[in-house]
Amino acid sequence: MFVKRYRFLILLVMSFTAFIFMSCSDDDDDNVSSNKKTEETVFMYMPWSGNLYSYFLENISSFETAIVNNGGLGKKRFMVFISTSATNAYLYEISYKNGICVHDTLKNYYFGSAEYTTSSGITSILEDIMTESPTNSYSMIIGCHGMGWIPKSTSGVSSYNAARRLKGVHQTRYFGHSSSSTYQTDITTLADGIKATGVKMQYILFDDCYMSNIETAYDLREVTDYLIASTCEIMIEGMPYSTIGKSLLDHDYKGVCNGFYAFYSTFSPPCGTIGVTDCSETENMAYLMKSINTQYPEGLSDTDAIQILDGYSPAIFYDFGDYVSHLCEDETLLSAFNQQLNKLVPYKSNTNTYYSEFTGKQKEITAFSGLTISDPSQNSMVTEAKIQTAWYYATH
């Protein structure tokens with residue numbers, strides 16, 4: 001009898017102890033910060049870009065629509081860094097509560113000399129975001145004007161952009177400020193800024209013109225898994241976040257392309273190009289392109305037949321796949337290139353035409369690979385700059 005009671009007391013004590021332990025664990029779980037429960041932070045980075053501020057606000061609102069339609073963010077957090085002027089900016093978090101999105105300001109910034117255009121400045125901003133939200137992974141959406149891989153110091157580009165813009169035509173976006181190099185950022189600077197944080201992005205989406213090019217993808221290969229961007233000018237309205245927001249949250253890149261097409265195929269005028277580049281495949285492509293360039297060192301003397309995807313004259317951005325199809329006459333080598341291109345750009349979409357504010361016209365798209373290349377360009381603004389890119393060094 002004593003033994004039975006003793007065992008009973010032991011079991012009772014053990015059960016009580018387990019209950020206390022479980023209760024403490026439950027309390028701990030309830031008190032765990034949202035940071036530890038969150039798997040990923042998605043953040044919009046919107047540095048000073050002149051005339052785009054009001055459109056940025058619409059983009060944010062559009063993404064909030066996607067969040068509401070999705071019933072929240074799941075195990076993700078959403079941050080926004082936005083400049084209200086050349087010197088002022090703030091960082092805030094968007095949360096989903098009681099069926100609506102709410103904003104919580106985390107930090108205000110004052111910049112004396114456009115520090116957000118430097119690698120150290122970009123690192124500092126990213127570290128603020130990562131301190132506020134120390135999650136397992138990060139994805140970055142960049143909203144501003146864009147000029148592809150072209151360095152901001154390139155002579156004539158900014159003034160060319162400003163001078164060629166026509167009145168009375170639909171506006172587009174084209175990294176940084178449209179006409180002042182003071183507020184522009186080089187892609188290599190962005191890459192250095194991200195690299196210094198020790199974090200590799202799940203994706204970087206550029207809501208800017210001309211950013212889906214092999215030179216940019218190669219520069220970003222160590223700091224992001226995927227590059228999502230347009231090969232051409234993108235309308236000033238930018239990405240249709242209410243349509244593609246859920247796909248971005250889910251990393252559904254095919255869905256992003258489909259949603260983008262659904263929006264811009266019914267736009268007036270219908271015009272939109274998008275590519276999703278797997279940056280882990282850029283080194284393999286560079287190795288293959290070096291073989292092609294070694295076999296055809298003179299390049300192409302006649303570029304008239306290659307698909308152009310810009311409004312510059314002479315052209316700067318040519319369709320990557322179409323360029324190589326004209327350059328490489330070796331069927332075995334060309335087949336290897338096309339196979340690698342399919343790995344490099346697993347998802348893409350385009351309307352039948354693209355639009356340029358520079359010309360105020362639509363142009364037909366007959367070949368589209370989701371990426372552009374500037375190797376064949378004879379535009380005097382980039383003939384020297386293009387041979388200084390990491391991509392050119394790796395492939396010639």
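How many aromatic pairs does the structure hold? I looked this up and found 21 aromatic pairs, where rings of Phe, Tyr and Trp (its six-membered ring) pair if their centres lie within 6.5 Å, planes under 30 degrees apart counting as stacked, over 60 as edge-to-face and the rest as tilted.

Before going on, I noted that this is a predicted model, in which local features need pLDDT of at least 70 and side-chain atom pairs count only at pLDDT 80 or more, while totals for chains, interfaces and linings use all residues. Residues are numbered from 1 along each chain as its sequence is written, and side-chain values use heavy atoms, with hydrogens and water left out.

**Aromatic pairs**

I took Tyr 203 and Tyr 253, whose ring centres are 6.2 Å apart with the planes at 85°, so this pair is edge-to-face. Tyr 203 belongs to strand S7 (residues 201-207) and Tyr 253 to helix H9 (residues 253-264), so the pair ties together parts 50 residues apart in sequence; helices (H or I, at least four residues) and strands (E, at least two) are DSSP runs, numbered from the N terminus. Both Tyr 203 and Tyr 253 are buried, meaning under 20% relative accessible area, with exposed over 50% and partly exposed in between (1.4 Å probe, protein chains only).

I then turned to Phe 260 and Tyr 264, where the ring centres are 5.0 Å apart and the planes at 45°, so the pair is tilted. Both residues lie in helix H9, 4 residues apart, about one turn of the helix, and both Phe 260 and Tyr 264 are buried.

**Second largest cavity**

Phe 260 and Tyr 264 turned up again in the lining of the second largest cavity, together with Ser 230, Glu 233, Ile 234, Met 235, Cys 271, Gly 272 and Thr 273. On a 1 Å grid over the protein atoms alone, a cavity is a set of points where a 1.4 Å probe fits but cannot get out, and lining residues have an atom within 4 Å of a point. Strand S9 (234-235) and H9 each supply at least two residues of this lining, and I noted a volume of about 30 Å³ for the cavity, a volume being the space filled by probe spheres set on the points, which are joined across faces, edges and corners.

Which residues does Phe 63 touch, not counting residues up to four places away in sequence? I listed Met 44, Phe 78, Ile 141, Tyr 241, Gly 245, Leu 248 and Leu 249, with contact meaning heavy atoms within 4.5 Å.

Notes:
On a 1 Å grid over the protein atoms alone, a cavity is a set of points where a 1.4 Å probe fits but cannot get out, and a pocket is an open set with protein on both sides within 12 Å along at least five of seven lines; lining residues have an atom within 4 Å of a point.
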